[in-house]
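Hello,

I am passing a structure on to you, along with some notes on what turned up in it. Please have a look at it first, and then read on.

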Amino acid sequence: MMETQTSPKDEVAEAVELELEAVIGFNGHVPTGLKCHPDQEHLVYPLGCTILIQAINTQEQNFLHGHGNNVSCVAISKSGLYIASGQVTFMGFKADIILWDYKKRELMARLSLHKGKIEALAFSPNDTYLVSLGGPDDGSVVVWSIAKREAICGSPAAGLNVGNATTVIFSKCRDEMFVTAGNGTIRVWELDLPNRKIWPTECQTGQMKRIVMSISMANDDSFFYLGTTTGDILKMNPRTKLLADTGPAKDKFSLGVSAICCLKMGGLLVGSGDGLLVFCKSPSYKPIKKIQLQGGITSITLRGEGHQFFVGTEESHIYRVNFTNFKETLITTCHFESVEDIVFPFGTAELFATCAKKDIRVWHTLTNKELLRITVPNMTCHGIDFMRDGKSIISAWDDGRIRAFAPETGRLMYVINNAHRIGVTAIATTSDCKRVISGGGEGEVRVWHIGHQTQKLEEALKEHKSSVSCIRVKKSNEECVTASTDGTCIIWDLVRLRRNQMILANTLFQCVCYHPEEFQIITSGTDRKIAYWEVFDGSVIRELDGSLSGAVNGMDITVEGVHFVTAMPYNCLSVSGGNDHLVKVWDYNEGEVTHVGVGHSGNITRIRISPGNQYIVSIIIAVIL
């Protein structure tokens, strides 16, 4: 590579890549996004812009990077040789379909024809064709040749007087027949290869009008089954294109039939929008076996013949279910909303805690397993911190309360009511465990004295004009620094409880860190700059270009002060052509990028280095240093 000048993009090219050790996450909002590979040893599912391949027994993970935006659908060929994935993109732009080689774990072809979104994908039974369904802005169905990696033919997916088609499934026996369904439309298609045409036949349902959510084909192509938003199931004959039966007549599935799967032994596995998993049979569709899961079911995928199967839900849970006893085992879980904060306990890298919309979770770093979940319904947790003695987790909530929980049991220890008027947005604790410093949405910084039985307000510091985004405390507990979205960072004297210095910049500050020697601080924010400041007089020492395209959202520094890490959305053309979201490791003194972590599938909001400098955790992705 020829380089003439050094820029952030050049630094990324020169830097050593961090090894991605593990991802904790599952996007349960992608319909039929969870797939069990035909080798019966791996699960395949999308996570943001990435496709994740996870070994069921060993938990080993592989990542397929290539999409420039969120993955909207995934399909695996019957032989297991190919994976196809589609994405969403901006209106008017072409949305890519990527064909992957499963064994080599690499990109084979990029197919671009649809605009806006790829709604669904399906492989033909002999791996000859791939059919793709465009989103609402596209409305077309296209058949692709896998061997030639080009489009054979296409057609509008639905008629003019009906809604959009949202699901597609291929015949289990023939390469020339597939079915599309959606809002008021059910079509059986025949491929006419010599004339490069596809011919649709509208299925007749009489007076019944339904919006189809899910679809499954019987193994002998005798019937296909459609799950609808009204909670009933339609059984259609693909030869006559007529409705065979429908049910259940009473006690329909609440919030719709969001997932459906045919079993070889006969019968159906049905998942509803309210989390009910049912085994039933035509024509009554009455539950023979059922279990209640957490979150609306979006995926049901069989392992082999169906003796065991996996279920994915909207609340980002993956369950393993044995058919014989119909009992569920939770194998993967994570937050299903954006993660707000990350923190390690003092002196140990074995655990870390994260918070999201309504819950706080404690994770085991080595196994990536959830150890504890603390839930506060209908609230959002903005920040967390461990007390130095490890006896409590202090949390900041949008209802204006500070809550403390026991880290082993999750028991609520105390609540500070009305801590801030417009929600608590940032929190920090002192090393002597006697004080909590909180920041609010109105811009106030408040210092609280924590006793054995009491929590008392010591002082309310009113200088910031907008929400406080980050608080860091000096080791001596005599000083702290707060960053705010009003463009100021203020260094506070915690003995006299007044301002020492104010730093002004034309940015919305997102994060601030003390250098371990505590004579300098570094800040970052929406102006894409990383700035070093003198604590003594608040003067700027140096500025670095942290990012080319977006805010620097998170920052942390090693205990020795040799390196610091930043998290950001970063637009650069990678080998896979994607829009990467990077973790950067910087040399503090030189101001240069030494390592880059590629692997995030969305904007990174927070980042922390573990004690001992072994791990960097960003949102809920762990990379080894």
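Are Tyr532 and Tyr588 buried or exposed? Tyr532 is buried, and Tyr588 is buried as well; here buried stands for under 20% relative accessible area, exposed for over 50% and partly exposed for what lies in between, with a 1.4 Å probe and protein chains only.

Before the rest, a word on the ground rules. This is a predicted model, in which local features need pLDDT of at least 70 and side-chain atom pairs count only at pLDDT 80 or more, while totals for chains, interfaces and linings use all residues. Residues are numbered from 1 along each chain as its sequence is written, and side-chain values use heavy atoms, with hydrogens and water left out.

Now to the aromatic rings. Searching the whole structure gives twelve aromatic pairs; rings of Phe, Tyr and Trp (its six-membered ring) pair if their centres lie within 6.5 Å, and planes under 30 degrees apart are called stacked, over 60 edge-to-face and the rest tilted. One of them is Phe170 with Phe178, a tilted pair with 5.5 Å from centre to centre and 50° between the planes. Both Phe170 and Phe178 are buried. The ring centres of Tyr532 and Tyr588 are 4.8 Å apart and their planes are at 45°, so this pair is tilted. It links distant parts of the chain, 56 residues apart: Tyr532 is in strand E49 (residues 529–534), and Tyr588 is in the loop between strand E53 (579–587) and strand E54 (592–600). Strands (E, at least two residues) and helices (H or I, at least four) are DSSP runs, numbered from the N terminus.

Arg361 is in strand E33 (residues 359–364) and has a relative accessible area of 0%, so it counts as buried. Its side chain makes a polar contact of 3.0 Å with the side chain of Asp359; such a contact is a pair of N or O atoms within 3.5 Å, where within protein one must be able to donate a hydrogen and the other to accept it, and residues adjacent in sequence count only if both atoms are side-chain atoms. Ser484 belongs to strand E44 (residues 479–484), and it is buried because its relative accessibility is 0%. A polar atom of the Ser484 side chain lies 3.1 Å from the backbone oxygen of Ser466. Beyond four places in sequence, Ser484 touches residues including His464, Leu508 and Phe509, with contact meaning heavy atoms within 4.5 Å.

Finally, a hairpin. Strands E37 (residues 402–405) and E38 (residues 412–416) pair in the antiparallel sense over four bridges, where pairing requires at least two DSSP bridges. Phe405 stands opposite Leu412 in E38. Six residues lie between the two strands of this hairpin, and Gly410 in the turn has a positive phi of about 80°.

Best wishes
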